[in-house]
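Hi there,

Here is the structure I promised to pass on. Have a look at it first, and then read my notes below.

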Amino acid sequence: MLTDIQIAKSVKPKKITQIAENIGIHEDCVDFYGGYKAKINYKDLKPKGKLILVTAINPTPAGEGKTTVTIGLTDALAKIGKKVAAAIREPSLGPVFGVKGGAAGGGYAQVIPMEAINLHFTGDIHAITTANNLLSALIDNSIHQGNVLKIHPKKVMWKRCVDLNDRALREVTVGHGKEANGRLRDENFYITAASEVMAILCLASDMKDLKTRLGNILVAYTYEGRPIFARDLKAENAMAILLKEAIKPNLVQTLEGTPAFVHGGPFANIAHGCNSIIATKMALTFADFVVTEAGFGADLGAEKFLDVKCRIADLAPSCVVIVATVRALKMHGGVAKTDLSKPNVEALKKGIANLEKHIENVTKNFGLNAVVAINKFTTDTDEEMDAIKTACANLGVKAIAAEGHGKGGEGGVDLANEVVAIAEKNKNPKVKFLYNLDESIEAKIEKICKKNYGAAKVVFEHEAVQDMKKIAELGYGNLPIIMAKTQYSFSDNPLLLGRPEGFNITVRRVQLRAGSGFLVAVAGDIMLMPGLPKVPASDNMILNDDGSIEGLF
């Protein structure tokens, strides 16, 4: 089979003017970035379409293909005559050059121009990086120039960022050398997707809201313990100036010429893991059906999409698609990665427990309608497929094969028809949130862990208890919760696959993200600056003399 980049190059894309016109966007609202990508400058958003959320089981090294299913379903809906658009996240350069590769789908279910989307795109991530680091520079400059705000150098909370995997930057010291170089202090770099600026861009409703949220960023504490915000440094307007183009959603297309809004990409474990609210609402303004996705498995991604994004944006999905693969479910059932191609119905049935918990969460905890998409591999047997379908039917949910990777939109027609049937029955969808905002921080965390993960108990370490007390005293106790934990398990132990029971979740810290408007409950070690593997993906990339690229995936 052709590689992803070979498939992408084999398709002649439509001009972006035609894509915009087809969905009803006037050319006056299109800011062109070449012939095949654009930013859309449209402010009168009136969402009217039906929102379809694509989520998944807990991810495994076997792969689930959530983005591929998202794009394949989008093309399938277009194929059955629906006015549809995708609304997805944009890729980070870190994984592109590291181990994971790009995030523009795969096979015959991709968004294009694939190289541009994975490499720099329209410059959004660079703008976010620069705005983040401008704030860092202003903090250090304030300390250097007499420190009128009395910032404690050891209590600077704000971190620098770069959009690459560079482990050498995880812990550094800045301000070495002469006094003119600034105050010597410890510093950390995050990958840009982990920056609070990224989360803010994706949660802001407009430019005014963006500036307010930027000003609300907690950057440090004084020697007396008083919080210092970005607005105290008069940083919000300068940061917003750097983001004035980045806040506009990007419009591209799928291989089959279906519109795709690709905008924003916050981490799904330390932030909410969804594309921007503005892009989602813009897609819902122009399309009758909008297919979007949430990061990682439903325990992290879908929960945050529903409890955080939908709550802030007043949205609700008409249907939730839960992606699973036979291979991944067998891994949840105890099969080694090297043996996943061998039929093993018994291990599959054991691993299906992971899928069942996600179905129960979506349908019972959140009160939404769901369908399971089995992202089909050639090694999957009929017996294995039937085992998944039977288990899902016992929970009142259909399981349907999705073959977008190999067949494009045609491979997702059955799934598309089921999604439409569910969405059209669900006239006024409502999300049943896991918690109320006015509950205590502890209560909100416990409801997520017990109801959504199946934990028996939540253990709060001393630092977390002190954090929650301080946050409540500052008046931020009514914010929604972002759980920062491993994506591989319902628990905080990445080795507990399947559907573990009787486990405890240990919350080590609770961090205030006042700009984003949420609290981060840290359960386990979360890597905010990934490293490169022994053989990085960059090793196999080639730039030919004619400017064409090979080895990008």
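Which helix gives the largest share of the negative patch? Helix α14 (residues 382-393) does, with three residues. Helices here are DSSP runs of H or I with at least four residues, numbered from the N terminus.

Before going on, please keep in mind that this is a predicted model, where local features need pLDDT of at least 70, side-chain atom pairs count only at pLDDT 80 or more, and totals for chains, interfaces and linings use all residues. Residues are numbered from 1 along each chain as its sequence is written, and side-chain values use heavy atoms, with hydrogens and water left out.

The patch itself consists of E346, D382, E383 and D386. Patch residues have over 30% relative accessible area (Shrake-Rupley method, 1.4 Å probe, with only the protein chains shown as cover) and no salt bridge, and like charges are joined within 9 Å. Asp and Glu count as negative, Lys and Arg as positive, and a charge is placed at NZ of Lys, CZ of Arg, CG of Asp or CD of Glu.

E383 lies in helix α14 and is exposed (over 50%), with a relative accessible area of 53%. D467, in helix α18 (residues 462-474), is buried (under 20%) at 12%. Leaving out residues up to four places away in sequence, D467 touches R509 and V510; contact means heavy atoms within 4.5 Å.

K309, in helix α11 (residues 298-313), is buried yet has no salt bridge (a Lys or Arg side-chain nitrogen within 4 Å of an Asp or Glu carboxyl oxygen). The nearest side chain of opposite charge, E293, is 10 Å away.

Happy exploring!

Note on methods
Patches are made of residues with over 30% relative accessible area and no salt bridge: like charges are joined within 9 Å, nonpolar side chains (Val, Leu, Ile, Met, Phe, Trp, Tyr) within 5 Å. Helices (H or I, at least four residues) and strands (E, at least two) are DSSP runs, numbered from the N terminus. Buried means under 20% relative accessible area, exposed over 50%, partly exposed in between (1.4 Å probe, protein chains only).
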